Each structure stands twice: as C-alpha cells, then as structure tokens.
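Subject: Structure handover

Hello,

Here is the structure I said I would pass on. Please open it alongside this email and follow the notes below.

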Amino acid sequence: MMALARTVTILAVLDATHAYAADIGYLAPPGVPAKEFPSPQRPVAQIVSPSRSGEEHRDSLDEAGEIARLLELKPGMTVGDVGAGSGYHTVRLSPLVGPTGSVVAEDVTRDYLIELARRTERLGLTNVKFALGEPHDPRLPASSLDATILVHMYHEIAQPFAFLYNLAPALKRGARVGIVDIEGPTSKHGTPIELLRCELSAVGYREIATHQLAGDGGYLAVFSPPEEASRKSPRDIVACGDRGTR
C-alpha cells in the first residue's frame, strides 16, 4: 500500500513537472544566427548554479532594492530578468512593478525556469512570464521591455555579441539595460568593466552610468540599446581583445 502511495506521488510530481514544462518555451522567433558574429576573445565561464549566493546575504545588502532604484524601475513597467536562475530578482521585481506591470524571467536552462514557475505559484505571483532563451539569443518579443537586468551572468554568455544584438529589438525606445558583475576575470565569474564596455560598445550600446553596489555586490553598469536605424551589421562587429580576462 505504501509503495502504491509513493508511486502515485511520484506520478503526480512528474505530471506537474510536465505541465510547467509545457508552458515554458520561446516567446519570439529566432534572431540572427551565432555564426554571423565574432566569438569572444576571452574565456566564457560555465553555468554552475542558478544562484550566486544566499538570498539572506543579498537581502542584507538590499541588492534588489538598490538595483531597482538606480534603474528607476516603477509600477507598470515590463522588466526582463535575463538569466533569471533561481529567481532572486524575479520574485522581488514582481510586487514592485505591480499588477499593471510584468516580469519576464528568461533563462537558457529550462529546469531553472520550471523551478521558478513553481516558486512564483507558491508565492501567488501572477505577473511573471517565463521565456526560454538560447546562448546567442534571448528569444524575447520585439519592443516588449521597459528595462532588463543581467545579474552576475554576463560572463556566462557564450556568444555575447550575438546575444546583445538579438536582445536589442526586445527593448523599447528609452529602455535601460542594467548589468551587474564583479571586477574580475571572466574565467572566475567576473567581468572587467573595461571589457564589458568594449563588448557592448562593439554592438552599439551606449554607457549611461556605472555604480558601485553595496558590500560584495560588484558594480551595476547601465546602458541604452542601439537605435534600430543605427544598428551595426553583424559582420561589422569587431571582437574585443584580452583585457584582464584570464
């Protein structure tokens, strides 16, 4: 009898997982293929965890609040959490943007998004959408985002020039891109700020400001995306050289 109960429980969990998985997919057609862009001239860090550090520690630094204030995130906005992982920022942005806004949690790892979908359901968050992406393409709808954040994950993007190029159409006019990372080699899960500036500039993004975050939170670099009319051709993008990236 107990074995039967365990079997029923396992089947119920599998059914729930399949249901979540069925609702998670690409939100937009594919963009420009990765082969059209140069490869980065520096190491790419492996994805090793859905979270950088413990949430209590991050809360003690007011990481989410500080980023939201510096990016001027407000109710009614649609904000992308690119590389959402375990959803630390997703679940904190959801009440901030409120019922008239939404959060788009994007990740290339479907299992992370399935777990995050369960988490948002438990918390009763109804304004979160889930988007599966590719290493070179976030696959987000055109002109859908008022702002987007990439938190401690830029160094894990295998094709940064293609990714940034394909991200640009998803950003509305006047949108802001906030990238959080630490000053350190990409091979050790950091991104030197000069390298970040070079790679984004190569795709046509313009730096607006750079802020040092509290504690060990690293920096927040804020960029505006290239205008559609002035976007470079992929073949005109030149990869940045080695800038303290080892």
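**Ser224 and its contacts**

Leaving aside residues up to four places away in sequence, Ser224 touches Ala175, Arg176, Tyr205, Arg206 and Ile208. Ser224 sits in strand β7. Its relative accessible area is 8%, so Ser224 counts as buried. Please keep in mind that this is a predicted model.

**The sheet**

Now to the sheet that holds β7. Seven strands make up an open sheet, and their order is β3-β2-β1-β4-β5-β7-β6. The pairing is mixed. β3 and β6 (206-212) are the edge strands, each pairing on one side only. On average, neighbouring strands are turned by 20° against each other, with direction ignored.

β2 and β3 run parallel and are joined by five bridges. Glu106 stands opposite Ala131 of β3. Asp107 stands opposite Leu132, also of β3. Is β3 mostly covered or mostly open? Mostly covered: four of its five residues are buried. Helix α5, residues 110-123, lies across β2 and β3. The helix runs at about 170° to β3.

Ala209 has Val222 in β7 as its bridge partner. The two strands, β6 and β7, form a hairpin with six residues between them. In the turn, Gly215 has a positive phi of about 60°.

**Helix α6**

Gly31 and Asn166 are 135 residues apart in sequence. In space, their C-alpha atoms are 5.7 Å apart. Gly31 touches both Asp137 and Asn166, not counting residues up to four places away in sequence. Where does Gly31 lie? In the loop between α1 (2-22) and α2 (55-60). Its relative accessibility is 35%, so Gly31 counts as partly exposed.

- Arg139 has a phi near 55°, which is positive in a residue other than glycine. The residue lies in the loop between β3 (128-132) and β4. Arg139 is buried, with a relative accessible area of 9%.
- His152 has a positive phi of about 50° and is not a glycine either. The residue lies in the loop between β4 and α6. His152 is buried, with a relative accessible area of 9%.

Why do both count as buried? The cut-off is under 20% relative accessible area. Arg139 has 9%, and His152 has 9%.

**The second largest pocket**

Strand β5, residues 171-181, gives the most to the lining, with five residues. By type, the lining has six nonpolar, three polar and six charged residues.

**Where to start**

1. Ser224, in strand β7, with its contacts to Ala175, Arg176, Tyr205, Arg206 and Ile208.
2. The hairpin of β6 and β7, with Gly215 in the turn.
3. The positive phi values of Arg139 and His152.
4. The second largest pocket, where β5 gives the most to the lining.

Best wishes

Note on methods: Residues are numbered from 1 along each chain as its sequence is written. This is a predicted model: local features need pLDDT of at least 70, side-chain atom pairs count only at pLDDT 80 or more; totals for chains, interfaces and linings use all residues. Side-chain values use heavy atoms; hydrogens and water are left out. Ala, Val, Leu, Ile, Met, Phe, Trp, Tyr, Cys and Pro count as nonpolar, Asp, Glu, Lys and Arg as charged, and the others, Gly among them, as polar. Buried means under 20% relative accessible area, exposed over 50%, partly exposed in between (1.4 Å probe, protein chains only). Two strands pair if DSSP finds at least two bridges between them. Axes are lines fitted to C-alpha atoms, for helices over the stretch in contact, and angles run from 0 to 180 degrees between N-to-C directions. Contact means heavy atoms within 4.5 Å.
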